[in-house]
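Welcome to a short tour. Open your viewer, get the selection tool ready, and follow along stop by stop.

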Amino acid sequence: MSESWSFSMPLEEAVTTQRALRRLKTDPVSDALVLRLLELAQKAPTGSNAQNWEFVVVRDPAVKAALARQNRRAFSLYGALGRRVSANDPKMLRVLEAVQWQADHLHETPVIVVACLRGFRLGFPNIAATSYYGSIFPSVQNLLLGARAVGLGAALITLPLWSTFAARRILGLPWSVTPCAVVPLGWPIGRYGPTTRRPIGDVVSLDRFDNRPWKQVSRRE
């Protein structure tokens, strides 16, 4: 049976209901859909129009298991610290529960996309690092919005990349290709819905940090 999916969702709806969905079903996600999402990712701008993305689509259970091990190792540190710091913050503890679920089940995710960049970063200190990574994250956001439009669960994670040496070895990446972000894809167990954010006046400064003339602007519903 042929698949049917549409990217006709209005942009504002996709943006205002996008969220990290970490609890994913094991149901398959077709190559056709993944490749279409990556075509949309490729439409993003890159520095000097270098178009130096590389995307590794991981389906092999052994490769997924290796990435999942790296994720669990990193989360064992991150999660312990996060629970200690957030002991009195129920909302953050719920987030950590979702991250824990993902850590426990990442190897079962139907598809894991690893977004990478070709080209060497300038050495230590990391000169122009922001320019380098600025060529990958717009494409990752395109991927996440595309997933939202078709109801596919997704999240940008980096814990499997805490050791880029290990990630390169697992994925067979040369030194000229840097893994930058990991996006697990699958049909969600939960659901998308309107996201809640701080009022815009609380996060926008004019000219210099903490000059907040829009502090009293109410959040647009």
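Select Y78, which sits in helix α3 (residues 61-85); helices (H or I, at least four residues) and strands (E, at least two) are DSSP runs, numbered from the N terminus. This is a predicted model, in which local features need pLDDT of at least 70, side-chain atom pairs count only at pLDDT 80 or more, and totals for chains, interfaces and linings use all residues. Residues are numbered from 1 along each chain as its sequence is written, and side-chain values use heavy atoms, leaving out hydrogens and water.

**Stop two: helix α6**

Now select residues 137-149, which make up helix α6. Color S139, V140, L143 and L144, which are among its buried residues. The buried residues of α6 pack against α1 (11-17), α2 (31-41), β1 (53-58), β2 (111-118), β3 (153-154) and β4 (177-186). Just after α6, click on G151, which takes a positive phi of about 80°.

**Stop three: the core**

Next, show V113, L152, V183 and L185: they have the most contacts inside the largest nonpolar core, which has 25 residues. Such a core is a set of buried Ala, Val, Leu, Ile, Met, Phe, Trp, Tyr and Cys residues joined through side-chain atoms within 4.5 Å. The largest share of this core, 5 residues, comes from α2.

Key:
The expected span of a helix is 1.5 Å times one less than its number of residues. Buried means under 20% relative accessible area, exposed over 50%, partly exposed in between (1.4 Å probe, protein chains only). Contact means heavy atoms within 4.5 Å.
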